[in-house]
Amino acid sequence: MKPLNEMREVAIAGIGITKWGFYENAEWYDFGSEAILAALNDAGMEWKEVQAAFCGSVYQGTGSGHQAIKEVGLTGIPIINVENACSSCASAFRLAYQSVAAEIYDVVIAVGMEKMPRGPIPSTAFRPWELKLGFNVQPANYALMTLQYMKETGATIEDFSLVAVKNRKNGALNPNARFQKPVTLEEVMNSRLVAAPLRLLHCCPLADGASAFILCSRDKLKSKQGAVTVAASVLTSGVYGEEYPPADIVKSLKYSPSEGMTELSARQAYEVAGCGPEDIDVVQAYDSMAPGELWDLEELGFCKPGEVPKLLREGVFDLNGRLPVNTDGGLMSRGHPLGATGGGQIYEIVLQLRGEAGPRQVKDAKVGLAHAMGAGPNSAVTILKR
Amino acid sequence: MKNCKDLLEQKFIKRYDKMKLEVEAGLIFVDIELTTKEGERMIPITDGLYTMPQSPGEKPQLIGSRCLSCGEIYFPRKEKGLCVHCQQKNMEEVKLSRHGKIASFTVVMQPPAGGFYRGPVPYAYGYVDLPEGVRVETLFAGDLDALETDMDVELVVEKLYEDDEGNECATYKFKPVQK
Ligand SMILES: [Zn+2]
């Protein structure tokens, strides 16, 4: 196995995104192809330069990437569809990155797109008997983790309510977010109870949307000025013994892993990138449920277990704080089109590193990290540098 | 009432004995389908999760697997007989303790997506740790407002919902122990 840090450098030539919300009169291939065209435009490239396509989605079904690319051009290149739950786009991005790093291709595209199903959907993330017992309620599965986190660290409901307040405040500055209205602590804590202790405003909203990324070797860049490069793109899919309720995995009481899935993926990513958590300037953490951001930041190595609530109250993770987290509003504001979510996170990091994030720009951001996780389980860590 | 109950139990035993003979003779495959009342059948939501009482006085138990190589215990049982922890194929089927403690729980206020769950709402589920060292994901029975972590609970089998054919679909649940 060749070490990833000995492979060719991979740059992000272009990025594209659509507004995230509910598209009643458009399908995933409509906004998927829109994101692809935006990424090509941003890269100053034409479709015929793209040598392979990796398309992430969860619910779109057979040949979903082909449907989007049919709107752009069929040039005989391989189109690979990637379903990896909420890490689908991050996984497609990783395959795209690896194929350029390994010098198989020079220019490739990674796409994430999703039109969320409107009716009942059979979830293959759960066994049929688990569905019959009603174990497929994700706010409830997060509630099971939250109760244990609260017991271990002394964190309160107010602590993770403040995550929602922070992220919705950032989302108000993001014209592509589904929710662009801030919320108060009272609104969050008085919103409808979904699965104790989680309330409606602790849960991210669903959304449709798409994003796309042109990745290439440095010599293929049309402009080398301020190019963002991929320092690491790592995926780990579960370690034995660790609890992961969103995929109905209970922890082993006899064998706990020395390192959890997120810690493992973060450590591998820092090793490949040649940096540590102390070098990261901006983070897109996984906030599908508000309390998740608390332990996510701890597991990514930004502080010790149980320290996040205190740092959050000190403003460390605010836009103008020492380590801004979910600067685009996170899943809480952006919404969660499963197969596209990881792309939304990477898109924001690229904007921040290019200095193009407008009113939510983090001053002098040089290194950024995005963490997409989800059922499976999966943990995808992407580190970008400028 | 007493007469009625006795009658029910007699029927229960009679029907079960008949079925046991059929199972032994290899005539029917499923051995966990039981008659409780005339015209109503109590069937588990899926096979192999728990044992059904052999007699009216007996209590159900969850069916797990224990690895004889590393000691890990699984619920539900591992159908392939392979230990996911040590990857050895050295497993035995075990009946798990009927008592445990609540490790975590939540009360769900709205029906889950997909329409697969047909039980009552609100409902509670979470984790129970059993003394032999295995965590079980389970629904909770009884007063949902009374649930607390570290609470002592015991296994029960209860009707979850009635299906379109009028069958009583049953499941294991854990219920706070009466003090
Ligand atoms: Zn074993």
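Is Cys70(B) buried or exposed? At 17% relative accessibility, Cys70(B) is buried, where buried means under 20% relative accessible area, exposed over 50% and partly exposed in between (1.4 Å probe, protein chains only).

1. Ground rules. This is a predicted model, so to speak of local features takes pLDDT of at least 70 and side-chain atom pairs count only at pLDDT 80 or more, while totals for chains, interfaces and linings use all residues. Residues are numbered from 1 along each chain as its sequence is written, chains are lettered from A and ligands numbered from 1 in the order written, and side-chain values use heavy atoms, with hydrogens and water left out.

2. Cys70(B) sits in the loop between strands S3 (63–67) and S4 (73–74) of chain B, and Cys86(B), 16 residues apart from it, in the loop between S4 and strand S5 (91–95); strands are DSSP runs of E, at least two residues, and helices runs of H or I, at least four, numbered from the N terminus. Cys86(B) is partly exposed at 21%.

3. Other cysteines. Over all chains, the search turns up zero disulfides (pairs of cysteine sulfur atoms within 2.5 Å). For Cys303(A), the nearest cysteine sulfur belongs to Cys275(A), 17 Å away. Cys303(A) is buried at 13%, and Cys169(B) is buried at 5%.

4. The second largest pocket. Its volume is about 830 Å³. A pocket is an open set of points on a 1 Å grid over the protein atoms alone, with protein on both sides within 12 Å along at least five of seven lines; lining residues have an atom within 4 Å of a point. Points are joined across faces, edges and corners, and the volume is the space filled by probe spheres set on them. There are 30 lining residues, with Glu152(A), Glu242(A), Glu263(A), Trp295(A) and Glu299(A) nearest the centre. H5(A) gives the largest share, six residues.

Note on methods
1 Å grid on protein atoms, 1.4 Å probe; cavity = no way out; pocket = protein on both sides within 12 Å on 5 of 7 lines; lining within 4 Å.
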